[in-house]
Amino acid sequence: MNLFRLCGDLSHLLAIILLLLKIWKTRSCAGISGKSQILFLVVFVTRYLDLFTSFISLYNTTMKLFFIGSAAATVYLMYQKFKATYDGNHDTFRIEFLLGPAVLLALVLNHEFSIMEILWTFSIYLESVAILPQLFMVSKTGEAESITSHYLFALGSYRGLYILNWIYRYYGEGFYDIIAIVAGCVQTILYCDFFYLYITKVLKGKKLQLPA
């Protein structure tokens with residue numbers, strides 16, 4: 001494992017921890033898109049089904065279990081424990097417009113036409129756009145709390161660091177996965193506007209507001 005991937009994984013962990021702490025400490029999930037969290041849960045479950053068929057390392061297994069468990073916990077907190085604080089009126093993105101194309105792309109563009117490979121490919125495509133309901137919600141409400149902004153920045157940084165990981169692996173190991181690279185680039189591009197606003201506003205102590 002190289003430094004870029006490790007930092008990417010740590011940034012991903014930080015994002016999830018920030019989100020869970022925000023919900024638990026405030027006893028509220030206001031400003032958080034439940035639809036994005038459901039999509040992330042679907043991503044992790046379909047990607048890590050190989051937990052039952054293969055073992056790579058303790059680190060790998062631990063991370064997979066953490067991502068599935070934390071995503072399930074987030075969905076539970078939002079739709080059960082703190083359901084009264086969930087702002088469903090602003091979380092209106094039509095996720096079927098993300099799920100449908102991801103399924104079709106996974107069936108058409110994959111490395112191998114097998115169940116496990118198609119599910120893995122589907123998870124890659126879906127993850128690239130899973131944040132859209134959250135960004136749409138922030139745009140619709142007009143602003144985001146600081147902790148929500150930190151969560152989004154850490155999540156976006158994770159994908160940016162993974163792009164550096166792929167570049168390193170291409171030149172250092174001669175390895176590349178075109179599906180993961182293209183999907184990762186798409187995901188990072190979706191964060192670009194947010195990154196600019198985060199740097200120019202949140203880091204200066206101002207409230208983040210996405211253009212409507």
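Biologist: How far is the sulfur of Cys185 from the closest cysteine sulfur?

Modeller: First, the ground rules: this is a predicted model, where local features need pLDDT of at least 70, side-chain atom pairs count only at pLDDT 80 or more, and totals for chains, interfaces and linings use all residues. Residues are numbered from 1 along each chain as its sequence is written, and side-chain values use heavy atoms, with hydrogens and water left out. A disulfide is a pair of cysteine sulfur atoms within 2.5 Å. The closest cysteine sulfur to that of Cys185 sits in Cys192, too far for a bond, at 10 Å.

Biologist: How many disulfides does the structure hold?

Modeller: Seen from Cys192, the closest cysteine sulfur is that of Cys185, and 10 Å is too far for a bond. The count of disulfides is zero.

Biologist: Is Cys192 buried or exposed, or in between?

Modeller: Buried means under 20% relative accessible area, exposed over 50%, and partly exposed in between (1.4 Å probe, protein chains only). Cys185, at 29%, is partly exposed. Cys192 has a relative accessible area of 43%, so its class is partly exposed.

Biologist: Which helix supplies the largest share of the nonpolar patch?

Modeller: Helices are DSSP runs (H or I, at least four residues), numbered from the N terminus. A patch takes residues with over 30% relative accessible area and no salt bridge; nonpolar side chains (Val, Leu, Ile, Met, Phe, Trp, Tyr) are joined within 5 Å, like charges within 9 Å. Helix 7 (146–173) and helix 8 (178–200) each give the patch at least two residues. The largest share, five residues, comes from helix 7.

Biologist: What accessible area does the nonpolar patch have together?

Modeller: Its members include Phe4, Leu164, Tyr176 and Val186. Tyr176 lies in the loop between helix 7 and helix 8, and is exposed at 51% relative accessibility. Areas come from the Shrake-Rupley method with a 1.4 Å probe, and for residues only the protein chains shown count as cover. Together the patch has about 1000 Å².

Biologist: What does helix 2 reach from its first C-alpha to its last?

Modeller: Helix 2 (residues 34–47) has 14 residues. The expected span is 1.5 Å times one less than the number of residues. For helix 2 that expectation is 20 Å, and the helix comes close to it, reaching 20 Å.

Biologist: Which helices do the buried residues of helix 1 pack against?

Modeller: Contact means heavy atoms within 4.5 Å. Among the buried residues of helix 1 are Gly8, Leu13, Ile16 and Ile23. They pack against helix 2, helix 3, helix 5 and helix 7.

Biologist: Which residues is Thr121 in contact with, leaving aside its neighbours within four places in sequence?

Modeller: Thr121 is found in helix 5. Its relative accessible area is 0%, so Thr121 is buried. Its contacts, with those neighbours left aside, are Ala106, Leu109, Asn110 and Ile179.

Biologist: What separates the C-alpha atoms of Ile179 and Ile124?

Modeller: Ile179 is in helix 8 and is buried, at 8% relative accessible area. Beyond four places in sequence, its contacts include Thr121, Ile124 and Tyr125. Ile179 and Ile124 are 55 residues apart along the chain, yet their C-alpha atoms are separated by 7.7 Å.

Biologist: Which residue forms a salt bridge with Glu127?

Modeller: A salt bridge puts a side-chain nitrogen of Lys or Arg within 4 Å of a carboxyl oxygen of Asp or Glu. The count comes to five. In this pair the closest N and O atoms are 2.8 Å apart, and the partner of Glu127 is Arg47.

Biologist: What is the N to O value for the salt bridge of Arg94 and Glu96?

Modeller: Arg94 is partly exposed, at 45% relative accessible area. Glu96 is partly exposed too, at 39%. Their side chains meet with an N to O value of 2.5 Å.
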